[in-house]
Amino acid sequence: MKEGHVGMYVCGPTVYDAPHIGHARSAYAFDVIRRYFAYKGYKVKFVRNVTDVDDKIINKAMQEFKGEDLNIAVKNVSDKYLKAYHDCMGKLGIMQPDREPKATEYIKKMAGFIKVLIQRGTAYQAGGDVYFDVRKANGYGKLSNQSFEMLESGARIASGENKKDPLDFALWKSAKPDEPSWDSPWGKGRPGWHIECSVMSSDILGAEFDIHGGGIDLIFPHHENEIAQSEGAWKKFARYWIHNGLLTINKEKM
C-alpha cells in the first residue's frame, strides 16, 4: 500500500501451555517471509498478537492455581506460558515482533468496535451476549471457498447460546461466575476470540493493510470471521492472506 513499506499481522499464540514444534513452524515460516522483505529493502512492520484470556487459559488456571483468585490465576498462566514461548522462539533465532499486542489490553477498543457493528446492523444483542449476523456479511465463505449451504450442514446452536442462526458467532460473551470479565454496554463479560485480531490489526496497521498470516487451520472460522466483522465496520481489510501448513507427528496435528 505504501511504497517501500510492508505491514504484516500474524496470529500468535494462545498462551495456556508450553510451546511445541507446531508453534515453532508457524513462527519460523513468517520470520523467513519478514526477513526476506527486509532483505529486499522494505521497511517491515511486523505485528503478532497474544491471546491472553480464553476458555483454555481459564481451565489451565483452575488446574494449576487451584484455590487462588481466578483473575490472578489467569494472568499467572498467561505470563508463564508467554515467557516460555518467547524463550523457545529466541533459542531458534526467531525475531521478536515489532508489536505484540495482548487481547486484555484491547478490551475497551473491542467493545467500541462491537458498538459500531450493532449500529450498522451487522451485529445484534441477545441477552448479555452479542453476535455477528453472518447473513449480513458480503460474500461470507469467500476466503475458505465455502457456500452457505456447505457451512450450514455442520452448524449447530449449542446449549446456552442465544444466537439467531447457527452460523452466527460471538463478539461478546456474558460473564460466568468468578471468571475474568470487563464492563461493557451489554453487561459484564469478555470478547469473543475472533474480534481481537480485527481490532488489534486495524489499530496498529490501519483498517486496510498489506498481509495477514496464520496457520492453515485458522482459515475457517477465525480468518473468515475476521473478514466478515471487519468489512461489517469498514470497506476493506487485509489485501493478501498467507497461511503456513501444519506439522503432523504420529497422526496428531501439532
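These notebook entries record what I looked up in the predicted model shown above.

**Basis.** I number residues from 1 along each chain as its sequence is written, and I use heavy atoms for side-chain values, with hydrogens and water left out.

**Overall fold.** I found seven helices and ten strands in the chain; these are DSSP runs numbered from the N terminus, helices being H or I of at least four residues and strands E of at least two. The radius of gyration, taken over C-alpha atoms, is 18 Å, close to the 18 Å that the globule rule gives for 254 residues, so the chain is as compact as a globular protein of that length. That rule is 2.2 Å times the number of residues to the power 0.38. I noted that the C-alpha trace spans about 50 × 45 × 35 Å along its principal axes. Of the 254 residues, 46% count as buried, a term that means under 20% relative accessible area, with exposed over 50% and partly exposed in between (1.4 Å probe, protein chains only). Among contacts (heavy atoms within 4.5 Å) between residues at least 6 apart in sequence, 75% join residues at least 24 apart.

**Cysteines.** I looked for disulfides, defined as pairs of cysteine sulfur atoms within 2.5 Å, and the structure holds zero. The cysteine sulfur nearest to that of cysteine 11 belongs to cysteine 197, 3.8 Å away. Cysteine 197 is likewise in no disulfide. Cysteine 11 counts as buried at 10% relative accessibility, and cysteine 197 counts as buried at 1%.

**Second largest pocket.** Grid points are joined across faces, edges and corners, and a volume is the space filled by probe spheres set on the points. The second largest pocket holds about 240 Å³. It is lined by 13 residues, of which His5, Val6, Gly7, Leu205 and Asp210 are the closest to its centre. At least two lining residues come from each of β1 (5-10), β2 (43-48), α6 (193-205) and β7 (209-215). I classed the lining as six nonpolar, two polar and five charged residues, where Ala, Val, Leu, Ile, Met, Phe, Trp, Tyr, Cys and Pro are nonpolar, Asp, Glu, Lys and Arg are charged, and the others, Gly among them, are polar.

**Cavities.** I counted two cavities of 30 Å³ or more. The largest, about 50 Å³, has Tyr140, Lys142 and Glu224 among its lining residues. The second largest cavity, about 40 Å³, has a lining that includes Pro13, His23, Tyr81 and Tyr85.

**Backbone.** Most residues other than glycine have a negative phi, and most peptide bonds are trans. I recorded a cis peptide bond from phenylalanine 220 to proline 221, with omega near 5°; proline 221 lies in helix α7 (residues 219-233). Aspartate 178 has a positive phi near 70° and sits in the loop between β5 (169-174) and β6 (189-191). Lysine 251 has a positive phi of about 65°.

How values were computed:
This is a predicted model: local features need pLDDT of at least 70, side-chain atom pairs count only at pLDDT 80 or more; totals for chains, interfaces and linings use all residues. On a 1 Å grid over the protein atoms alone, a cavity is a set of points where a 1.4 Å probe fits but cannot get out, and a pocket is an open set with protein on both sides within 12 Å along at least five of seven lines; lining residues have an atom within 4 Å of a point.
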